[in-house]
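Here is a brief report on one structure. Look over the sequence and the fold before reading on.

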Amino acid sequence: MTFKDQIKQGIPSELPSVKVYDLDINHAPKRKEILSKEEKKLAIQNALRYFDKKHHVVLAKEFANELKEYGRIYMYRFRPDYKMYARPIDEYPGKCEQTKAIMLMIQNNLDYAVAQHPHELITYGGNGAVFQNWAQYLLTMHYLAELEDDQTLVMYSGHPMGIFPSHRNAPRVVVTNGMMIPNYSKQDDWEKYNALGVTQYGQMTAGSYMYIGPQGIVHGTTITVLNAGRKIAKEGEGLAGKLFLTSGLGGMSGAQPKAGNIAGCITVCAEVNPKAVYTRHSQHWVDEVFSNIDELVERVKKAKVNKEVVSIAYQGNVVEVWEKFDEENLYVDLGSDQTSLHNPWAGGYYPVGLTFEDANKLMVENPTLFKEKVQESLRRQTEAINKHTAKGTYFFDYGNAFLLEASRAGAAIFAKNGKDFKYHSYVQDIMGPMCFDYGFGPFRWVCASGNSIDLEKTDAIACEVLEELKKKSPQEIQQQMADNIQWIKGAQENKLVVGSQARILYADAEGRMKIAEAFNNAIKNKIISAPIVLGRDHHDVSGTDSPYRETSNIYDGSQFTADMAIQNVIGDSFRGATWVSIHNGGGVGWGEVINGGFGMVLDGSIEAEKRLKSMLFWDVNNGIARRNWARNDGATFAIKRAMDANPKLKITLPNLVDDSLLQKLF
């Protein structure tokens, strides 16, 4: 049976053979046992809905065993035999180019080189899933192969609810993930309802099919490290010889050493999972690996003396590194953490003092003790970080809920007022005021041909557009423009591609529209050989409401509201997006954030040009308008500029209040 035939088949009518559990693959940790006896029966009943009754006797026993062994029903038997990767678009079956592009993006999210736990359909973050089980994958791909351009596929947390009549300009797919009634959005609620097979954690770009490997965060991380370096610079010097200490080499966090190299510093990144260390080292995303902490110390001292640009992975716990560097009086210039603390009790953070294997065992067999170990570890880590910051280290939260979970653990993480955190998030200090307020965020594109030559052409086109825009850009955004031009010029030599032929580039609304229009023209004129998929990280100007990350530099009290993310997806839907998604959870955790995303296929048509101009303008300026209303100076500047450019745009501007007036009142 050909690949196209297998896709069109969907869920096979006869049972495929049982798959061997591959120990060479990085698997998700076992989830804790949370279902009652009756709920376990319900979980199996829910899973069997996908299959003909004649198979229920065999599969019921099999699924019960999976639930017992892994805490979830993944339906391993139905994992396809074909290789999982983003094929050229013409290799997919389908009745329109848009749905073929979506299939390409789904497979890229599950590519072994991209996905963190591919057999569990988890792309990154420990639990960021594309689907809950393999039946959902098979059925979704089948539906996409049948979908026509006047229909829309509706996705409920990985489950393809069905194909509905719509119209040509409607999204081809609408995705929701984890959208819970508010009172049922605690961590254990996710464990329970995910185990029942009725919801999933889509992270940010996993469940919206827009993850492009660790490159997706390299650019933002590079900008963050560069600007963190500028904040600590005494006389405008660069990062040569300066040390950046952090942790995490999994999905998104795996970008850190590569970003450190691009920014020009010494990066030490600790990771407890040996497979994650091996993956990043084999992909050349980290230069050197150490497992002996004394050898690590000597290597870092040498790098400092020689002012090397080098990235070093320490296979071990980051708490040990913070403490050892303090004992050795080894100065850390920049510090952060990017473990998956949005998921602290199920493999997102590994406590110091336990081996990786013992921790995985303890989190299942004694979750209460495991939680105590995690919180004890967070207190130790915070204590060590505090010693470094007393010496001058600039530490920032990297949007992974480190400050939040450290505070819940009783760590000494609060400022003198006892309310605010001692350290800022990187959005508060860097990404918010320097990028998001001005409309700059992680614009993405994927060359659906799978051809690296097409990617090179898009890089050149994007660079040419930015250089032209920079000539007339106001002073307020000259640094952002220069950083982005430097990034795209170095994109090829930095070998950022993992999986699909994709690129990320921070750009504002004008830049995104101009670049997209140039791509569309290049496709029309056969300069680029196939359609291009546009998208972005949800971690952007408008897509995400997250009080401890994306909207942490919103100070009018609205950082705990989610109107912006919901409005973003609604607006994208009727302005031309090919698919849209809205998620509960992502980055900082389940119940802590609402985030939305989109995908748009450019095919060289006039219709695509109309859609990109309408949707990309809204997708960015929605967020700038909200940030302006929160009294953020950069956003007010940016939205006034947008109104000057488009007379149809009319935004409510805030009237500023004299602080002295308020002081007299209270």
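This is a predicted model: local features need pLDDT of at least 70, side-chain atom pairs count only at pLDDT 80 or more; totals for chains, interfaces and linings use all residues.

**Helix pair.** Helix α16 spans residues 452–472, and helix α18 spans residues 509–524. Their axes come within 9 Å and cross at roughly 140°. The cut-off for roughly antiparallel is over 145 degrees, and α16 and α18 are therefore oblique to each other. The crossing of α16 and α18 is right-handed. The table lists the residues that make the contact.

| Helix | Contact residues |
|---|---|
| α16 | Thr-458, Ile-461, Ala-462, Val-465, Leu-466, Leu-469, Lys-472 |
| α18 | Glu-510, Gly-511, Lys-514, Ile-515, Ala-518, Phe-519, Ala-522 |

By class, the residues of this contact between α16 and α18 comprise 9 nonpolar, 2 polar and 3 charged.

**Nonpolar cores.** In soluble globular proteins, nonpolar side chains tend to be buried together. The largest nonpolar core here holds 142 residues. Within that core, Ile-106, Tyr-137, Trp-445 and Leu-534 touch the most other members. A second core is separate and has 48 residues. Its members include Ala-270, Ala-303, Val-321 and Ala-401.

**A loop residue.** Where does Leu-15 lie? Leu-15 sits in the loop between α1 (3–9) and α2 (37–48). Leaving aside residues up to four places away in sequence, Leu-15 touches His-55, Val-58, Leu-59, Arg-77 and Phe-78. Leu-602 is 587 residues from Leu-15 along the chain. The C-alpha atoms of Leu-15 and Leu-602 are separated by 39 Å.

Conventions. Residues are numbered from 1 along each chain as its sequence is written. Side-chain values use heavy atoms; hydrogens and water are left out. Axes are lines fitted to C-alpha atoms, for helices over the stretch in contact, and angles run from 0 to 180 degrees between N-to-C directions. Helices (H or I, at least four residues) and strands (E, at least two) are DSSP runs, numbered from the N terminus. Angles under 35 degrees count as roughly parallel, over 145 as roughly antiparallel, 65 to 115 as roughly perpendicular and the rest as oblique. A crossing is left-handed if the near helix is turned anticlockwise from the far one by less than a right angle, and right-handed if clockwise. Contact means heavy atoms within 4.5 Å. Ala, Val, Leu, Ile, Met, Phe, Trp, Tyr, Cys and Pro count as nonpolar, Asp, Glu, Lys and Arg as charged, and the others, Gly among them, as polar. A nonpolar core is a set of buried Ala, Val, Leu, Ile, Met, Phe, Trp, Tyr and Cys residues joined through side-chain atoms within 4.5 Å. Buried means under 20% relative accessible area, exposed over 50%, partly exposed in between (1.4 Å probe, protein chains only).
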